Amino acid sequence: SHELKTPLAVIQNYGTMLSQPNLAEEKRLEYARAVTGAARRLANLITNILKLNKLENQEITPNAAPYDLTRQLCDCALTHEARGEAKNIDFDAQLEERVMVLADEAMMEIVFNNLISNAIKFTEAGGRILLRQVKDGDQVVVTVADTGCGMDEATLGRIFDKFYQGDTSHSKEGNGLGLALVRRVLEISGGSISVTSAPGEGSEFTVRLPRMPETA
């Protein structure tokens, strides 16, 4: 309820201010941007709520097909490149060539976009993010590590809970559903996720997925 009401209140308040007569152009643009931003956050929240609800109720089943995980990771990294560059973050991608997995490509995109986006969000300007992918027996291991603010034990215990946000200073940037979606997608895809972190020392998320055997 709180997550829905907050952006609605922003839209209502700034919408009222936009109706003021003789409003300066600078203020009109500022208020319009605030309304647009709040509407976008509300739309994302509703989309994620519906998506997570369907995943939890098994209304969505993975449409598994072979695809190249290396290519997907490159695409996800490029999607967030501008945000990382804006914060002068050193993004280090260590990827093996062409690793095939049998999974739902669209669902796995949710996983890696969330992890990379979070790493950028919680890493201070001038920090570093590592995206690594290696084969490990019949699995492939993807690591997203950052030099950001890190998390304490209490936060680590709840980081995958719905609507939980350990760092309230970033609350306006998310809704606490991203990692819940990530975990659920991996659960129904035969994968797993784990995290290690400490306050002030950054965080490291590790995803494990079954990989397809290599053909001769």
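## Aromatic pair

Tyr14 is partly exposed, with a relative accessible area of 25%, whereas Tyr31 is buried, at 10%. In these terms, buried denotes under 20% relative accessible area, exposed over 50%, and partly exposed the range in between, with a 1.4 Å probe and protein chains only. The model is predicted: local features require pLDDT of at least 70 and side-chain atom pairs count only at pLDDT 80 or more, while totals for chains, interfaces and linings use all residues. Residues are numbered from 1 along each chain as its sequence is written, and side-chain values use heavy atoms, with hydrogens and water left out.

The count of aromatic pairs comes to one. Tyr14 and Tyr31 form this pair, which is tilted, with 5.5 Å from centre to centre and 55° between the planes. The pair links distant parts of the chain, as Tyr14 belongs to helix H1 and Tyr31 to helix H2, 17 residues apart. Rings of Phe, Tyr and Trp (its six-membered ring) pair if their centres lie within 6.5 Å; planes under 30 degrees apart count as stacked, over 60 as edge-to-face and the rest as tilted.

## Overall architecture

The protein chain contains seven helices and seven strands, where helices (H or I, at least four residues) and strands (E, at least two) are DSSP runs numbered from the N terminus. Along the sequence, these elements follow the pattern α-α-β-α-α-β-β-α-β-β-α-α-β-β.

Of the 216 residues of the protein chain, 38% count as buried. Among contacts (heavy atoms within 4.5 Å) with a separation of 6 or more, 74% are accounted for by residues 24 or more positions apart. The accessible surface of the protein chain comes to about 12,100 Å², and carbon and sulfur atoms hold 50% of this area. Accessible areas come from the Shrake-Rupley method with a 1.4 Å probe; for residues, only the protein chains shown count as cover.

## Nonpolar core

The largest nonpolar core has 38 residues, of which Met108, Val111, Phe112 and Val207 touch the most other members. At least two residues of this core are supplied by each of H3, strand E3 (100–103), helix H5 (105–122), E4, strand E5 (139–146), H7, strand E6 (192–197) and E7. The greatest contribution to this core comes from H5, with nine residues. A nonpolar core is a set of buried Ala, Val, Leu, Ile, Met, Phe, Trp, Tyr and Cys residues joined through side-chain atoms within 4.5 Å.

Leaving aside residues up to four places away in sequence, Val207 touches Val111, Phe112, Leu115, Val140, Val141, Val142, Leu186, Ser192 and Ile193.

## Salt bridges

The model contains eight salt bridges, each defined as a side-chain nitrogen of Lys or Arg within 4 Å of a carboxyl oxygen of Asp or Glu. One of them joins the side chains of Asp75 and Arg71, at 3.4 Å from N to O. Both residues lie in helix H3 (residues 69–79), four residues apart, or about one turn of the helix. Asp75 is partly exposed at 39% relative accessibility, and Arg71 is partly exposed at 35%. Arg71 and Asp75 are also linked with Glu105 in a network of salt bridges.

Arg208 forms a salt bridge with Asp136, with the closest N and O atoms 3.1 Å apart. This pair links distant parts of the chain: Arg208 lies in strand E7 (residues 203–210) and Asp136 in strand E4 (residues 128–136), 72 residues apart. Arg208 is partly exposed, with a relative accessibility of 29%, and Asp136 is partly exposed, with 39%. A further salt bridge connects Arg184 and Glu187, their closest N and O atoms being 3.1 Å apart. Arg184 and Glu187 are three residues apart in helix H7 (residues 178–188), so about one helical turn separates them. Arg184 is buried at 16% relative accessible area, whereas Glu187 is partly exposed at 46%.

## Nonpolar surface patch

Leu4, Leu8, Ile46 and Leu50 make a nonpolar surface patch of about 340 Å². Helix H1 (2–18) and helix H2 (25–56) are the elements that give two or more residues to this patch. Patches are made of residues with over 30% relative accessible area and no salt bridge; like charges are joined within 9 Å and nonpolar side chains (Val, Leu, Ile, Met, Phe, Trp, Tyr) within 5 Å.
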